[in-house]
Structure formats: C-alpha cells, structure tokens
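Q: I'm new to reading structures. Can we walk through one together, a feature at a time?

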Amino acid sequence: MQEDSDNEPMNVDHTPVNMVVVDGIVMGLTHCAYGDCTSALGNAQGGVFCPVHEAEHGTKCHIKGCTNPKKVGTLACTNPGHQEQWSKNAFVILLWNLAK
Ligand SMILES: [Zn+2]
Ligand SMILES: [Zn+2]
C-alpha cells in the first residue's frame, strides 16, 4: 500500500497580488490614480487621488472631458447623463485612470 504517492511539483513562482476588482471596487489601491502619479492617497476624501490631484481634479466631474464640479458623494457632475454614466462605468473609469 502506497501513501503520499502524489508528489506534484510546487509552482510558487507566480504570486498574483496586485489588485482585486470586486463589483467595481478596487481593493489594494494605495496610490494616486492620476496618470503616473505615485503619491499616497489623501485620506480625508476617500477618493482615488493624492491630495494634490484631489484638489486639482477631485472636485471635478470624472467623466472624460467634463470640467463641471462633481456632485457631492459622487464622482460626476449634476448632469443626469454624467451621473448615469458614472454609476454605470465607475469602475471602468477608475481602471482607465489607473491604466493611463
Ligand atoms: Zn496624484
Ligand atoms: Zn460632467
């Protein structure tokens, strides 16, 4: 009778850590999502930008090309179309920002 006969080689080269996306929420984001910026996130806003970019862009609608101020509690301006786009594409926009 043989025991411990299954000796599979352990493959531990890959450690998939980076980030996990769950229902549009990006976990593990620790730095500013703006372009190449690697500054730490500002805590107060709970946003995706460092304090500098939060001040510069965080108050504006996140829909590309729109410069209206965003509606409090959302990342899009009061334009109904943008609100809709934001709620639908929130994670896409975030990832787009990350990928830039
Ligand atoms: Zn930044
Ligand atoms: Zn807008």
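This is a predicted model: local features need pLDDT of at least 70, side-chain atom pairs count only at pLDDT 80 or more; totals for chains, interfaces and linings use all residues.

Q: Is Pro-51 buried, exposed or partly exposed, and why?

A: The idea is to count C-beta neighbours around a residue: 20 or more within 10 Å makes it buried, 12 or fewer makes it exposed, and anything in between is partly exposed. Pro-51 is partly exposed because it has 17 C-beta neighbours inside 10 Å.

Q: How far is Pro-51 from Ala-40 in space?

A: Here you look at two separations, one along the chain and one in space. Pro-51 and Ala-40 are 11 residues apart in sequence, and their C-alpha atoms are 8.3 Å apart.

Q: Okay, let's zoom out. How many helices and strands are there in the chain?

A: The chain has 2 helices and 2 strands. Reading from the N terminus, the order is β-β-α-α.

Q: What share of the chain is buried?

A: Of the 100 residues in the chain, 16% are buried.

Q: And where do I find a buried one, say His-82?

A: Look in helix α2, which covers residues 80-99: that's the place of His-82. His-82 counts as buried because it has 20 C-beta neighbours inside 10 Å.

Q: Which residues does His-82 touch?

A: For contacts, we ask whether two C-beta atoms lie within 7 Å. Leaving out residues up to four places away in sequence, His-82 touches Cys-61, Ile-63, Cys-66, Ala-76 and Cys-77. Take Ile-63 from that list: Ile-63 and His-82 are 19 residues apart in sequence, with 6.6 Å between their C-alpha atoms.

Q: Now the stretch between the helices. Where is Thr-59?

A: Thr-59 is in the loop between α1 and α2. Thr-59 has 13 C-beta neighbours inside 10 Å, so it's partly exposed. Beyond residues up to four places away in sequence, Thr-59 touches Pro-69 and Lys-70. The C-alpha atoms of Thr-59 and Pro-69 are 5.6 Å apart, though 10 residues separate the two along the chain.

Q: What about Asn-68: where does it lie?

A: Asn-68 also lies in the loop between α1 (51-58) and α2. It's partly exposed because 14 C-beta neighbours fall inside 10 Å. Apart from residues up to four places away in sequence, Asn-68 touches Lys-60, Cys-61, Cys-77 and Asn-79. The C-alpha atoms of Asn-68 and Asn-79 are 8.8 Å apart, with the two residues 11 apart along the chain.

Q: Last one: what share of the chain's contacts with a separation of 6 or more joins residues 24 or more positions apart?

A: That share is 15%.

Conventions:
Residues are numbered from 1 along each chain as its sequence is written. Chains are lettered from A and ligands numbered from 1 in the order in which they are written. Helices (H or I, at least four residues) and strands (E, at least two) are DSSP runs, numbered from the N terminus.
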